[in-house]
Amino acid sequence: MPRFSVIVPARGVQGFLRACLDSVLEQSHRDVELIAVDDCSADATGAIIDEYARQDPRLTALHLRRPSGAGPSRNAGAALAGGDYLLFLDGDDTLAPGALAAVDARLRACGEPDVLLWDHDRTDVWERRRPSGDGAFLEAAGDTVFDAVQRPGVLGVEPAAWNRAVRREHWTGRELAFADGPYEDVPYAYESLLTAGRVAALDRVCVTWRERRRGSAVTTPGRHHFVAVERYEELFARLDDLLPGDRGAGEDGSGGGAGDGRLPLRTILHARMTDRLLAILDDPDRIVPADRAAFFRAASRCIRAHRPDGAPLPAALRSYRAYRSLHGAQVLRREVAKELRDRGEAAARTAFRRYYGLRLHTPLDADLVLYGARGNRAVTGNPYAVDRKAREIAPQLHGVWAVHPDAVDAVPAGADHVTVGSRRYWELLARATYLVTDGDFPGAAGRPGQVCLQTHQGTPLKATGLDSHRYPGSPAGPGPGPGRALEHADQWTYCLSANQHSSEIWERAYPSSYETLATGFPRNDRYATATAAEVRALRAALGVRPGATAVLYAPTHRVRPDGAVPPLDVARLAAALGPRFQLLVRAHPYSGPHQGVDPHTAALQEEGAVLDVSGHPHIEDLCLAADALLCDFSSVLFDYANLDRPIVVHTADWDAFRLTRGVYLDLLSGRPGDTPGVLAADEADIAGAFHSGRWDGPAAASLRAAFRERFCQYDDGLAAERVVRRVLLGEDDLLPLLPPGERRTAPSPRTAERAAARQDGAGRTLTGPGAVVG
């Protein structure tokens, strides 16, 4: 029998669940069973639970057959529990390191009480921590063991599921349970204390409770918050059984009745209920203005109906008019401040911005799609692939590219475009039904009926969005930094994902109400659809010599005082590789000229040993032409893995990079799924990997296969069509993913050249064993 059973109800928390489960399983006190309950999650929550269950036998996965809510999920988990004590933890919260050891020691020191309470803190999306407010009581309780009569102040502790351990015999003997629906922990929290003969306290923060911006009942306004009134009605209906005789007690721990000057428990509970319901009423994130009067009436009836004799009635509850006069001043101050801010912003707008505000009231154009990529300075990436597919299967749609004035030359011939900041830009930004971007559109405000698709620029290796604020390195590129991440994410309707890893990161780093689509990345479709003839044509156009091994060097963007020069000498590397190899050097799009080919390599460029391909608009073409990828910490390695071609990672400044930018996985660990291929520390090491054959050896191939399986989950060549049909054409369901055995991979350059060699004089492709039809 384990010491602790930790029950975790989980639904739609894929971005936070791993941290929650790790916080339990990595505790120093290991005598614990973890029961994770998947409440029919539509995201990867259930898959994450199953993954952890396979890795650690202490975790039991329970998948409910129908959506039930947090309360029934906890009850279902508790029914399976075998531990001495039950602990409940939400799927987006975490246990503090050493918490279970401290809880175990306190329980033993107190002689195994029925309930042990502990402290918690709260963290917001910026990871700013706030204390709970329970610390004073927990500190005053000290080492004593008490019940609610002896210390009525215990009823002031946060009425939550996750700030206490309950002895399993107490749970079953008292038939404790969580309610069905919102505010499900209110009856349980109070009843666990009122029925306990022995309660103890631990003055230590054991749980961090996460304040969610979106996606939880607490942060979603609506009439479901009226259930809070019902929960207190249920609690007070049972008080006659829970408090026979309605005994009173003093805060100093002495006993006493209601007649000795100390408040009885019923009076204390009534005061807690009043404070809680008024707090809900005042919270605009819970009660919208249209429902405020109705909630006031429901709460007032409940508070009046259960008011003990002699208990004061707050002046705000005399009437709704009294409430508005007392509490409306604060609301009015907020509204006035907002109005002043809005006026200030309006005054600062240019004439075109004012024009944009007017056009927001005109009808949307149902067939208009506005595209943007790479800070609106390119026509490339996922938006470009979506545009191409839309032209093919939805020709009734009119696509327009938004580009800055200095990037007009990037627009392909025949494509409609608009200059960012022009009068037409503001008009299209206001009237387009669809906005498709891998960043943002300057000045966009969003409007009802407008669909904004965030395609992203790649699978995240570096910390992004809100996660990046912890690190001194600035985010790359002109996209929104952490300060504007929430503003932009709130405009998204959909965002795309190429793998489960990305879906989890987006949810945590850009918390908002958009829908994540498991489509794959549209730009990666070419890795499945390109033919041998296309591969040969791309190599020829780039200047790759027939028979040469082309190595694409694509370093990531760096923001450092030294000028952000990648720690690799291209000339030295080219010399070490020798004439059998050609280096295709592609500077990061957000880097200056100093990250391209150094002028000192001019002779090597003339010889063809080095090709500067930094100006090529489509990284997919470069990847298709290359026999291998040499990169450091660029997200291109996730995309290149689709080709199942060798990857060599230059590791020279990994430690500095991960400390300044933050990373989501350890590329250097050597673990399957983390490391994509051969690791090399310098130019000599890189050349040695190629000359020895390690770059394409069995060990590298095995690592590459695991990496591809993890990060190329949804890339099957149909991503662009999925996006167009689901987002632009409004089809209900995504096209299903092709099974791994049915997915195609573009032929390698060697295969493409062999196919060309097998063609006869008429240019027909010969068939037979090993032949490829181009």
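Modeller: Helix packing needs one convention, namely that axes are lines fitted to C-alpha atoms, for helices over the stretch in contact, with angles running from 0 to 180 degrees between N-to-C directions. This is a predicted model, in which local features need pLDDT of at least 70 and side-chain atom pairs pLDDT 80 or more, while totals for chains, interfaces and linings use all residues. Residues are numbered from 1 along each chain as its sequence is written, and side-chain values use heavy atoms, without hydrogens or water.

Colleague: Fine. How many helices and strands does the protein have?

Modeller: There are 28 helices and 24 strands, taken as DSSP runs numbered from the N terminus (helices H or I with at least four residues, strands E with at least two). Of the 774 residues, 54% are buried, where buried means under 20% relative accessible area, exposed over 50%, and partly exposed in between (1.4 Å probe, protein chains only). If you take the contacts (heavy atoms within 4.5 Å) between residues at least 6 apart in sequence, 73% of them join residues at least 24 apart.

Colleague: Back to helix packing, then. At what angle do α7 and α8 pack?

Modeller: Helix α7 (residues 185-194) and helix α8 (residues 227-237) pack at about 30 degrees, with 9 Å between their axes. That makes α7 and α8 roughly parallel, because angles under 35 degrees count as such, over 145 as roughly antiparallel, 65 to 115 as roughly perpendicular and the rest as oblique. On the α7 side the contact is made by Val-186, Pro-187, Tyr-190 and Glu-191, and on the α8 side by Arg-231, Tyr-232, Glu-234 and Leu-235.

Colleague: And how many residues of α7 are buried?

Modeller: In α7, 10 of the 10 residues are buried, so the helix is largely enclosed by the rest of the structure.

Colleague: What does α8 do with α11?

Modeller: The axes of α8 and helix α11 (residues 289-305) come within 10 Å and cross at roughly 10 degrees, so α8 and α11 are roughly parallel too. Here Val-229, Tyr-232 and Glu-233 of α8 meet Phe-295, Ala-298, Ala-299 and Cys-302 of α11, and Tyr-232 also takes part in the α7 contact.

Colleague: Which members of the largest nonpolar core touch the most other members?

Modeller: A nonpolar core is a set of buried Ala, Val, Leu, Ile, Met, Phe, Trp, Tyr and Cys residues joined through side-chain atoms within 4.5 Å. In the largest one, which has 100 residues, they are Phe-88, Trp-118, Trp-171, Leu-194, Leu-269, Leu-277 and Phe-295. Helix α10 (residues 265-282) gives the most to this core, with eight residues. Apart from it lies another core of 37 residues, Leu-461, Val-544, Leu-552 and Cys-631 among them.

Colleague: Staying with Phe-88, what is it in contact with?

Modeller: Neighbours within four places in sequence aside, Phe-88 is in contact with Ile-7, Arg-74, Ala-78, Ala-161, Trp-162, Trp-171, Phe-178 and Tyr-188.

Colleague: Is Arg-374 buried or exposed?

Modeller: Arg-374 is buried, with a relative accessible area of 16%. This residue sits in the loop between β12 and α14 (381-393), and its phi is positive, about 50 degrees, although it is not a glycine.

Colleague: One more: where is Leu-568 found?

Modeller: Leu-568 lies in the loop between β19 (549-554) and α20 (570-577), and at 11% relative accessible area it is buried. Its C-alpha is 9.6 Å from that of Ala-681, which is 113 residues away along the chain. Beyond its neighbours within four places in sequence, Leu-568 is in contact with Tyr-553, Leu-573, Leu-630, His-650, Glu-683 and Ile-686.
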